[in-house]
Amino acid sequence: MTEASKPVAAPGPVRQAEQVGSPWFAPLSARRLLTLTGIGMILVGMIFGDIFAVFILHQNAARVGNSLAAAANAAVAGDAAAVAANFKGTGEFLENRGTKVDTHVHLIGFGYLALMLAIVQPWVALSEMARRRFAWLFLFGGVLLPSGVFLIHYVGLAYSPLAAIGWASIFADLGGLLAMLAAFAYLAGLVRHFQRDGSTSVQDNLLDDRSIAGRWLLAGGVLLVVAGFANGAWYAAADLYRHEAADYTILSQMSLAAAAQDSAQVSRSLQEYGQLQGDKAVKIAAHAHIIEFGLLAILLAFFQPYVNLSEIWKRRWAGVLLLGSALLPVCVLLELRFGLLAGGLADLGGLLVILALLAMWIGIARHTGSLDAAYGGAR
Amino acid sequence: MSGAKRLLLLGGIALALLGMTYGLWYAVFAEHQALDGMGGSLAAGFSAAAGRNPTMAARSLEEYRKAKYDYDRQVDVHGHWIGLAMLLIVLAIGFDRVTFSEKQKLLLAWTLLLGSGLFPLGVLLQTANHGAAPRALAVLGSVLVIAALAGIAFGFVRRQIVE
């Protein structure tokens, strides 16, 4: 073996784990921490999203619609004070909705990044201790940001030193900064690796897997991402500018009708506005979810060697994940036409993804148990 | 690690950092002001309607339209830069399974990285310039991303068939 092709050895604290075949997934290693916590964050984010979709989203949309209608009707009646009061209510409902969506999106997004950082750990030229500390920093920031965002609606500007930004926002921003610092440190570690050890190979059996479940997830994930891109391109070409123009036109018609005390036109505009918002919401949600589920499937394909389940169950859970990943966005798109039936099926799709992900997470946790037992024996 | 894989990995993490930095800047310095501006102009429009002042109402709603146009794009840029960055990283990890020559893989990687940078940048520039150039840049970026992704997907499928 030449010097250049000499494999990079596992870091100090995990060297003994080489004897059990998983040097990068040893107890308390950065990869194990990022993997288990990353999937946990995705699971919590998804469960939060499902609860939000079932119990809050539609009720909140109805409240937004009602307060907008009340504001428009107050304008018809010439009551400027009531207009302002109702718009304040609309703003609060929109903030409530927006922060819940942001919590869901950011928790899952940081979970995905954690899984990616877990995979690239062998190429990060930092000591195991440093990599573990940055993993903690990333995870702390990744949890702090969505937690802060969630609290924005409830904390408001109470005791805030700033005029427009409350304490919850400040802590959310701090969380983002911490996650960024950790990601930057990993990037620096990768650059260092390529500058110093670029020609040396890294021994990592995680990426050598060619199991059926892994191939299904990889192929299915790529297909979902491609479908999501096609859907996004179609939305941008056919709907984006039409939606923006309609948003402005309908609100203008509504306000002009209110100034002219034309209640019938105000009601028509309110109805059109509600339909427009629904159309926009389902199309954007379908686009975002299909790509995110595609990414998740690809990521989980790489982690299949760590899923300690029988081959048949690994295939079953891969199939369930792909089924749910396709069902949710398709049914979300059909929600405007088929109403609650499609909505219920979309929620079921989300539930299938959550169940499959939970099963894989349990499989990985089982793998850590057997690894630790073997690691203890080797020690 | 191959050059294409390295390019996607480093480019992906750098793009994710760019998206996060932009998001942090936006959250601290621009988002609250943008939301206040949108809410304020919408409320002013309907208050003017209540005061039977259609000219003022139209002006306020025009301000709302402009603020919302910018807000939607600024949020989309953050989401798309990070989303595309994650795609780059994930594809980098599995890039060994793409069945093309190293040269072709490097070309695909450059195309994807370039498109992933340009597409959100074009969207962001639309907030400063409402002409055709930023839209063309966004379209070019998205075409590059879709073309590269289709090529990579084909490379994956070839590998699956061979296996």
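Which pattern does chain B follow when read along the sequence? Chain B follows α-α-α-α-α.

## Basis of the model

This is a predicted model, in which local features need pLDDT of at least 70, side-chain atom pairs count only at pLDDT 80 or more, and totals for chains, interfaces and linings use all residues. Residues are numbered from 1 along each chain as its sequence is written, while chains are lettered from A and ligands numbered from 1 in the order in which they are written.

## Fold and dimensions of chain B

Chain B contains 5 helices and 0 strands (DSSP runs numbered from the N terminus, H or I of at least four residues for helices and E of at least two for strands). Its C-alpha atoms occupy a box of roughly 70 × 30 × 25 Å along the principal axes.

Of the 163 residues in chain B, 46% are buried (20 or more other C-beta atoms within 10 Å of the residue's own, C-beta atoms being placed from the backbone). Among contacts in chain B with a separation of 6 or more, 77% join residues 24 or more positions apart (a contact requires C-beta atoms, placed from the backbone, within 7 Å).

## Contact between chains A and B

The contact draws 55 residues from chain A and 51 residues from chain B. On the side of chain A that touches chain B, at least two residues each come from helix H1 (30-76), helix H2 (80-120), helix H4 (167-197), helix H5 (212-259) and helix H6 (263-303) of chain A. H5(A) gives the most to this side, with 16 residues.

By class, the side of chain A that touches chain B has 44 nonpolar, 6 polar and 5 charged residues (Ala, Val, Leu, Ile, Met, Phe, Trp, Tyr, Cys and Pro count as nonpolar, Asp, Glu, Lys and Arg as charged, and the others, Gly among them, as polar).

Conventions. Buried ≥ 20, exposed ≤ 12 C-beta atoms within 10 Å, placed from the backbone. Contact = placed C-beta atoms within 7 Å.
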